[in-house]
Amino acid sequence: MKKPNIAILGATGVVGREITKIVNELNIEFNEIKFLSSAKSAGSKIEFQGKEYTVEEAKPESFDGVNIVLASAGGSTSQKFAPEIVKRGGVLIDNSSAFRMDKDVPLVIAYVNDEDLRKHKGIIANPNCSTSQLMLVLKPLHEKAKIKRLIVSTYQAVSGAGLAAINELTADTKANLAGETFENKCFKKPISFNVIPQIDVFCENGYTKEEMKVVNETKKILHLPQELPISCTAARVPVYNGHSEAVDIEFEENITPEEVREILKNSFGVEVIDNPDNFEYPTTRDASGVNPVFVGRIRKNLAFNNGISLWCVADNLRIGAALNTVRICQKVIEMGLF
Ligand SMILES: NC(=O)c1ccc[n+]([C@@H]2O[C@H](COP(=O)([O-])OP(=O)(O)OC[C@H]3O[C@@H](n4cnc5c(N)ncnc54)[C@H](OP(=O)(O)O)[C@@H]3O)[C@@H](O)[C@H]2O)c1
């Protein structure tokens with residue numbers, strides 16, 4: 001198998017650091033690796049596989065000879081560098097939302113729609129974190145009973161908004177407990193001891209962009225019809241890491257909670273924790289720092305025919321971003337797509 005030259009763009013950020021760790025964990029074989037950031041962190045050091053690397057400022061020439069770029073440096077940075085990467089024959093695996101709905105760009109969850117990778121023209125998009133964790137759960141259920149309608153409510157951790165947001169939760173909590181005033185910057189409302197029903201900006205239809213990402217990206221990844229009804233409400237909660245989701249699914253065909261449990265127990269990347277009698281159900285503390293998407297509270301939904309409700313928890317920095325990015329990289333290498 002050909003070994004690529006890899007660049008990690010945004011290596012000093014929350015997602016970039018996680019990508020670096022997972023490249024090591026998944027034993028990605030590469031020829032050379034480099035770490036890129038903005039001018040701000042250029043010159044800082046990264047320890048990787050026993051070697052010290054100096055972070056470089058990303059410039060067009062940084063991508064000379066690079067085969068695969070794992071990017072988590074924001075949409076405008078990806079938009080700026082994508083043509084430079086593609087022009088040089090590289091493949092960009094992008095974490096931002098810049099290209100996700102572009103019809104020429106595959107939007108992929110590894111082990112869900114790998115075949116879509118074959119259609120790439122130099123750019124592959126990694127879905128939004130709240131969509132990502134759902135896909136490994138919904139795909140095998142859709143194959144069994146066909147999704148007819150979907151309602152998702154998210155409870156999203158602050159790490160999904162980057163390093164500054166993590167620091168804001170700490171500082172706001174400390175200030176709150178000390179009875180001091182605190183000026184929030186990352187969030188529109190104080191995040192400590194609070195739940196904020198807004199992630200990203202509002203769209204004309206009253207949904208937020210984050211909510212519409214779940215609607216549109218789910219349809220693209222699972223190849224669902226455009227008219228299939230999906231609704232999402234996304235809220236930010238004062239949790240450092242790990243997104244939770246309450247999911248209500250109506251299926252075309254009958255499917256029992258027992259069947260759902262059995263299917264998910266045998267599905268790649270999913271772990272079922274579902275024994276309410278013994279208070280066993282997944283929480284964000286179970287999910288943070290590990291790879292599986294955890295599912296529990298599987299029950300018959302009382303509002304739909306053929307309906308199932310479940311609770312789904314995962315590490316948003318892993319399956320929601322870095323883990324899937326590196327798994328895509330692994331597939332691109334295995335499938336010889338660079
Ligand atoms: N956090 C999540 O759960 C999550 C999930 C899915 C997708 N994403 C996406 O991933 C991206 C990064 O998120 P994050 O949470 O890791 O943010 P972050 O902690 O703020 O890190 C941003 C990274 O991008 C680099 N960067 C910024 N501007 C740059 C430029 N002009 N040129 C080169 N590098 C630049 C930064 O370098 P410096 O250190 O030099 O500033 C830093 O390494 C965003 O697009 C976000 O939407 C995040």
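**View 1. Around the ligand, helix α1 (14–25) is the top contributor to the shell, with 3 residues.** Helices here are DSSP runs of H or I with at least four residues, strands are runs of E with at least two, and both are numbered from the N terminus. Please keep in mind that this is a predicted model: local features need pLDDT of at least 70, side-chain atom pairs count only at pLDDT 80 or more, and totals for chains, interfaces and linings use all residues. Residue numbers start from 1 along each chain as its sequence is written.

The shell has 28 residues, and those that come nearest to the ligand are Gly10, Gly13, Ser41, Ala73 and Gly162. To be near a molecule, a residue needs its C-beta atom, placed from the backbone, within 6 Å of it. Along with α1, helices α2 (75–87) and α8 each supply at least two shell residues. Sorted by class, the shell holds 9 nonpolar, 18 polar and 1 charged residues. Nonpolar covers Ala, Val, Leu, Ile, Met, Phe, Trp, Tyr, Cys and Pro; charged covers Asp, Glu, Lys and Arg; the others, Gly among them, are polar. Because domain 1 and domain 2 both give residues to this shell, the ligand lies between them.

View 2. The protein chain is divided into domain 1 (6–127 + 321–334) and domain 2 (131–316), with bounds that come from an automatic or database domain assignment. Taken over C-alpha atoms, the domain centres are 25 Å apart. The contact takes 14 residues from domain 1 and 17 residues from domain 2; two residues are in contact if their C-beta atoms, placed from the backbone, lie within 7 Å. On the side of domain 1 that touches domain 2, α8 gives the most, with 3 residues. That side of domain 1 divides into 9 nonpolar, 4 polar and 1 charged residues.

**View 3. Now for the largest nonpolar core, a set of 84 residues.** Such a core is a set of buried Ala, Val, Leu, Ile, Met, Phe, Trp, Tyr and Cys residues joined through C-beta atoms within 7 Å. A residue is buried if 20 or more other C-beta atoms lie within 10 Å of its own, exposed if 12 or fewer, and partly exposed in between, with C-beta atoms placed from the backbone. Which members touch the most other members? They are Leu9, Val69, Leu70, Ile93, Val137, Val295 and Cys312. Helix α8 (residues 318–334) provides the largest share, 9 residues. Domain 1 and domain 2 each bring at least three residues to this core. Apart from it lies another core, of 7 residues, including Ala157, Ala165, Ile191 and Val239. In soluble globular proteins, nonpolar side chains tend to be buried together.

**View 4. A closer look at Cys312 shows its neighbours.** Setting aside residues up to four places away in sequence, Cys312 touches Gln133, Leu134, Val137, Glu245, Val247, Val293 and Val295.

**View 5. An open sheet of 6 strands runs in the order β5-β2-β1-β6-β7-β8, with parallel pairing.** Two strands pair if DSSP finds at least two bridges between them. At the edges stand β5 (56–57) and β8 (123–125), each with a single partner strand, so one side of each has no neighbour in the sheet. Strands β1 (residues 6–9) and β2 (residues 33–37) run parallel and are joined by 4 bridges. Isoleucine 8 has phenylalanine 35 of β2 as its bridge partner, while alanine 7 stands opposite lysine 34.

**View 6. Is strand β2 enclosed or open?** With 5 of its 5 residues buried, β2 is largely enclosed by the rest of the structure. Ile33, Phe35 and Ser37 lie on one side, Lys34 and Leu36 on the other, and both faces are covered.

**View 7. Two loop residues have a positive phi without being glycine.** Glutamine 49, with a phi of about 50°, is found in the loop between β3 (45–48) and β4 (51–54). It counts as exposed because it has 9 C-beta neighbours inside 10 Å. Lysine 146 has a phi near 60° and sits in the loop between α3 (129–145) and β9 (147–156). Having 15 C-beta neighbours inside 10 Å, lysine 146 counts as partly exposed.

**View 8. Glycine 90 is in the loop between α2 and β7 (91–94).** With 24 C-beta neighbours inside 10 Å, glycine 90 counts as buried. Beyond its neighbours within four places in sequence, glycine 90 is in contact with Phe63, Val66, Asn67, Ile68, Val69 and Ile85. Between the C-alpha atoms of glycine 90 and asparagine 275, which are 185 residues apart along the chain, there are 47 Å.
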